[in-house]
Structure formats: structure tokens, C-alpha cells
Amino acid sequence: MDSDLERVKKLLLGKEYAELLALKKELETAEALTDTVANVLAEALEARTRQDDRISNVLAPTIDQAIAGSIDQDPKKLAESLYPIMGPAIRKSIAETLQQMLENFNQLLEQSLSPKSLRWRFDAWRTGRSYSELVLLNTLEYEVQQVFLIHTETSLLISHVYSELTAHNDPDMVSSMLSAVRDFVADSFSIGDDDSLDALRLGELSIVVHSGPNAILAAVVRGTIPEHLRAKMQQTSETLHRIKRQQLTNFDGDTAEFADVEDDLRGILESKQRQDEEEERKIPWLAIVAIVVGLSISGYFSYEQQKAAAALQARVDQLDAVPGIVVLPGEARDEAGNVLLPILLDPLAEGYEPMLTDPLGPSISLQPSPYVSAEDELILKRALTLLKPESETSVTVVDGVVTLDGRAALQWYRDASSLWETVPGAAGYADDGLELYDPVANRMLQLGRQIESFTVAFEKEVAEIEEITPGIRQLARQLKEMNKLAESEGRRRFNFMIVGYTDDSGSVRYNRGMGTRRAEQLRDMLVAEGVAAGELEVMNSFDYMEGETPEAKREVRIFLVR
């Protein structure tokens, strides 16, 4: 039965039947229908866009959601895509803002320092107006201060915008009064149906009106009405009637649907300053003089401040140069303006008091912290106080070393040779130039220096002394003579410490043994030359230094044990 019906359809419809089946299959298959629509989608969107803006309104929410989704997923990718556009736009906006700011500043400077500005200030005081209002009135060619969008049928205010510096009253009341004036003019005069009120003048203000089918635009202008204002208002009215045609037709007093028209209305707000060519060519001498005077005064005070600061710094440097005073960073001032100066102060420092006061500058108050100075001048003061040298004895300090010269008694010398270590800051002691009153004491002092300067050098890893040298024989004579002189003075005999040194090539244990063997070699040879064995002590350099690292050298030295 179905096949017979198919044959009948083919006989009746012929070739068109096959085409209808193909079209039906295309519409019923999603993939085929998608391909068909894709082939004409771009052309369809282009044709619809030429008709009206509904395509933009429909796609706007989808585009907003797509951008929001892109930001949520990967904001960096969107930022990189916008970078070539946003950078130049931001730089252009900043440049225009700076240019406008500089122009406003220059204009304000010229107006503030010119004879004309003084006249305007007098007029402001005389009339009770503000100075800024008079400047605006005298320099403004025109300014569109307010724009009203009013529904034609109901006379209700739809939207209202105004410039930032404009004082405005209740916009709804202004809208109602404007509608009443238009109705009064239409009822009182014989005018055509297409005629309407298009301008009002109220003192310094003008109201320009443009009537559309469903809405009225009214602009409040201070000054001369610019020629292009009516064309701009007509263009804005046509745009609003196109994008808000349905909302204007069905307007019931709810302005929520017109919240996005403020940007279009703000495009009408503008202003222009009056250009006075003659005044532009004048040189603003008063402004130049004021600037020069201001810079001179500023330069004078800056010079005085620098001069005072330099004088104060010179006094601080003088204080810092006083022996026993170290100026620390962190200068401050008290309520009276005195300088509070933190310093390190040695108790022996002196002569700095006059530097604290200056009749032409601030006083200096010291905030001292005690310390012991290592300067030679103060070490010398302490050495003289402790050692109390005799008249023929001179004491000097160079680089911290206390040096004795001249002549001194034996007992004073003995006391000084131990007291110098208690001098704060002293780094060393020298008495080579000192001569004692007693010839025996002088000889003992000379022998002590010769004994302690004696050394025997060794080759690496060698501890034996092959033979008794003339130097060793002379050392033995000096040791014996030293103790004979001590007995003649009624003193107990000296002991002598023989210390063996090594280099640092071996281990500590090895070096200890090597140093001891070298010292023993010298002791044995001195005993063979007649020195009493009980007066000779043997030690390696590690034990002699009591834990400190000894000098790395291969020799034997001898010291007096007093």
C-alpha cells in the first residue's frame, strides 16, 4: 500500500517530490541544518545589523558572560590580548589629563596675579558674590550646565545631568515649570501644530529646547549659545528615540529603564573659555615679579639653612677630632632647639666644652656613653699617671706602644716593666733606650736583652744540633754571668726557659715532640758548657703559648723566668 502511495506521489509531483524529500531530510538532521545555517549566518547578521540595533542588544549579555568566563578561567590571557589597546589608551588619557591640569594651572596663575583679577576680587567683595563665580562669569564664553530629558505626553522628568560646579535646584520642579511655560505659549499664541518653544532666556542663562515625538531635550546654557548645540541635541534625541522607542511610548513614570541614557546626555555638557587675544599677547609682569620675589625669598632662606647646617657640622667635626670623643650617628633636637649629640666619651678627654655653645647657632647637648680610647695621647696620660716616671725618664706612646727612654733607677724600672700591662689601651712595651743608674743593673739589663734575642735555627724535620757553636758558648757565659750578678745584688738566681718551635707542616702531636727535642738539644749543650741543669727548663711552643697557636718557625729561643 505504501509503495503504491509513493508511486502516486511521484506521478503527481514528479521531480519536485524528490527535492521536497531532500529538503525534509536536511531540516530533520541537526548536522545538515547546522551546515546550512552556518553558510548564511554571517550574511544574515550583517543584513539584520543594517536594519536596527536589536542584534547588539541580544548579543550583549552573551558577550558579557563570555568575557566574565574568560576572566575567571585565565585573566592573564585576556590582559595580554588587551595590552596593545589599553597601554596607548591609558597613556593618552594621562597625557590629556596632565595637559588640562597645566592649562588650568596657568590660567589660574594668570588670573590670580593680574590687575584684572584684583578688580574681580574687589567686585566680588562689593557685590557679595564669590570670587570663583565672578571669574567664571568674566572668562566663560559659554557652558552647557544642565540637560533635562522630559516625557512629552506626561511632562515627567526622565533623566537629568549637570556639570560638577553647577548649583542646581529640584530637577522635577524645573521640568514641570518648563512644561507649563511651553503649554502657556502654545495656548496663548497662534502657532502651527509643528511649532513649539525652542529657547528661553533668563538673565545670564538660556534654555535651549528640542522637541521629539515622545521626549523633549532641554539644555541650560550660561553665555552665548553655540551654533552646534542644536545639532548635537537633535542627534542625541534621534538616538534616544531609536534605542528607547518602546520605553518612551509606554512610559508610566518608571525611570529605571532609562538609567543608561545619562552618558548620552552628558555628551551635550560642554564649556568654552573666552579667548582675549590682546591679553594673551601681554607679558604678565606682575606674575613674573611675584615668582622672582618668591624664588629670591626661598633661595635666601635655603642659603641661610645650608649655612647654619654647615656651621653646625663644622662644630660636630671639631668635637669628633678631640682625642677621647667619637661622635655617633643619630643627631636629634629637643623642644628648645638644642642639638642632642650621642658620643663615646673617654674620661680623660678635655678641652671640648667651648665647642658646645655658639651665640649664632644652636647649643649642643652631649649624650655620652663611657669608653676607653686607644688614641696615643690618652694612653700616654694613663701611662704617666700609673708609671710616675722620674725626671730623667721620658715616656712616649706611638701606635699604642709604651716606650721608655733616658735614665731610671733599677727599682722603678722593675715596677714599670710589669705596670705597663695595666695601662688601658696599651698594645706593647719597649725599653731598649732606657739606661739604669746602677752599672750592675745596666749590665743585667743588657745581658737579659742579649739572652732573649738568642735563637738557634733548624732545618725541616731536624731536631739535632751537630756541634756546640761559638754562639752557644757565648750564651752559656751570659747565663752564668747573669746569675753571678743576681747573687751580688742579693737576689735569687734566674731560671731560664728554653722553648722549641716548629713549622706547621706536621700534626700538633708531632710538632709538640719535635719542639721539645729541639729545646732538649740546646739544654744539653748548655749543661755541657757549665750551666746548672736546675736553672734550665725545657718546653715546646704549644705548651708555652698555653693553647694559643704559636708562630710557624723552626728554631729554639730562651727566656728569663723572673
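Among contacts (heavy atoms within 4.5 Å) in the chain between residues at least 6 apart in sequence, 62% join residues at least 24 apart. The model is a predicted one, in which local features need pLDDT of at least 70, side-chain atom pairs count only at pLDDT 80 or more, and totals for chains, interfaces and linings use all residues. Residues are numbered from 1 along each chain as its sequence is written, and side-chain values use heavy atoms, leaving out hydrogens and water. Of the 562 residues of the chain, 28% count as buried, that is, under 20% relative accessible area with a 1.4 Å probe, protein chains only. The chain contains 19 helices and 17 strands (DSSP runs of H or I with at least four residues, and of E with at least two, numbered from the N terminus).

Three strands form an open sheet in the order E11-E12-E13, with mixed pairing; two strands pair if DSSP finds at least two bridges between them. Its edge strands, E11 (393–398) and E13 (428–436), each pair on one side only. E11 and E12 (residues 401–408) pair in the antiparallel sense over 6 bridges, and Val395 has Leu404 in E12 as its bridge partner.

Key:
Buried < 20%, exposed > 50% of the residue type's maximum accessible area, 1.4 Å probe, protein only.
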